[in-house]
Amino acid sequence: MTNEQSAWDQWLAGLPTQQRAAAIALRDRFAQVGADGPEEWAMSEVSEDIPQLAGFLLLRRLWDEVLDGWGSPGAVENVPAAARLLAAGAERDDIVLTMQAAAFEAVFGTLLVIDDSSATTPDDQPYPGWSLHETDSTGQDTGRRLGGLYESLRATDPSGRDAQGFST
């Protein structure tokens, strides 16, 4: 038995029956969507009331659609500057990595700005801020704020590389 499994089992044993069943179901959902260490994600969500599943699903979607999409056939070829680089003899893999690194920096920076939740203002006047919240399957706000997503961006890399090769 691994230390992680032992910690999970010990933690589960200390939960009331209903909460234990919910934690196991949540762990299974994390495993189903491909999370590494589903026990850790579930423990955090249950014990800290952090919407980890919603955050994981958002980050994984960003990986699938924004970051890893650059490796799809035709993706870099549709960018004129990249097409010129290919025509000049640049390696496609290098261009893909460059596009992914730029996309990673943009996603990371955007998540950091969202987490800051305050507008930079030129004066002392109050301005609105922003916040990202979890919703249920019907779109209703659960009241739980998604924060610190930039901290988990690397850990949700579906390749298991933890965004190795990207600079942030």
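Buried here means under 20% relative accessible area, exposed means over 50%, and partly exposed is what falls in between (1.4 Å probe, protein chains only). What follows covers a predicted model, where local features need pLDDT of at least 70 and side-chain atom pairs count only at pLDDT 80 or more, while totals for chains, interfaces and linings use all residues. Residues are numbered from 1 along each chain as its sequence is written, and side-chain values use heavy atoms, with hydrogens and water left out.

**Positive phi**

- A163 sits in the segment after helix 7, and its phi is near 60 degrees, a positive value in a residue other than glycine.
- D162 also has a positive phi without being glycine, near 55 degrees.
- D162 is in the segment after helix 7 (149-152), and its relative accessible area of 42% makes it partly exposed.
- As background, most residues other than glycine have a negative phi.

**Salt bridges**

- There are seven salt bridges in the structure, each one being a side-chain nitrogen of Lys or Arg within 4 Å of a carboxyl oxygen of Asp or Glu.
- D28 and R27 pair up through their side chains at 3.0 Å, N to O. R27 is buried at 19% relative accessible area, whereas D28 is partly exposed at 39%.
- E65 bridges to R61, with the closest N and O atoms 2.7 Å apart. The two lie four residues apart in helix 4 (residues 52-67), about one turn of the helix. E65 is exposed at 52%, and R61 is exposed at 54%.
- R145 reaches D115, the closest N and O atoms being 3.6 Å apart. This pair ties together distant parts of the chain, 30 residues apart: R145 is in strand 2 (residues 141-145) and D115 is in helix 6 (residues 92-116). R145 is partly exposed at 35%, and D115 is partly exposed at 22%.

**Helix packing**

- A note on terms: helices (H or I, at least four residues) and strands (E, at least two) are DSSP runs, numbered from the N terminus. Axes are lines fitted to C-alpha atoms, for helices over the stretch in contact, with angles running from 0 to 180 degrees between N-to-C directions.
- The axes of helix 2 (residues 17-32) and helix 3 come within 8 Å and cross at roughly 135 degrees. The two helices are therefore oblique to each other; under 35 degrees would count as roughly parallel, over 145 as roughly antiparallel, 65 to 115 as roughly perpendicular, and the rest is oblique.
- The crossing of helix 2 and helix 3 is right-handed (the near helix is turned clockwise from the far one by less than a right angle).
- Helix 2 brings Q19, A23, L26, R27, F30 and A31 to this contact, and helix 3 brings P38, E39, W41, A42, E45 and V46, where contact means heavy atoms within 4.5 Å.
- These residues split into eight nonpolar, one polar and three charged. Ala, Val, Leu, Ile, Met, Phe, Trp, Tyr, Cys and Pro count as nonpolar, Asp, Glu, Lys and Arg as charged, and the others, Gly among them, as polar.
- Helix 3 (residues 38-48) and helix 4 have axes that come within 9 Å and cross at roughly 130 degrees.
- Here W41, S44 and E45 of helix 3 meet Q52, L53 and F56 of helix 4, and the contact residues divide into three nonpolar, two polar and one charged.
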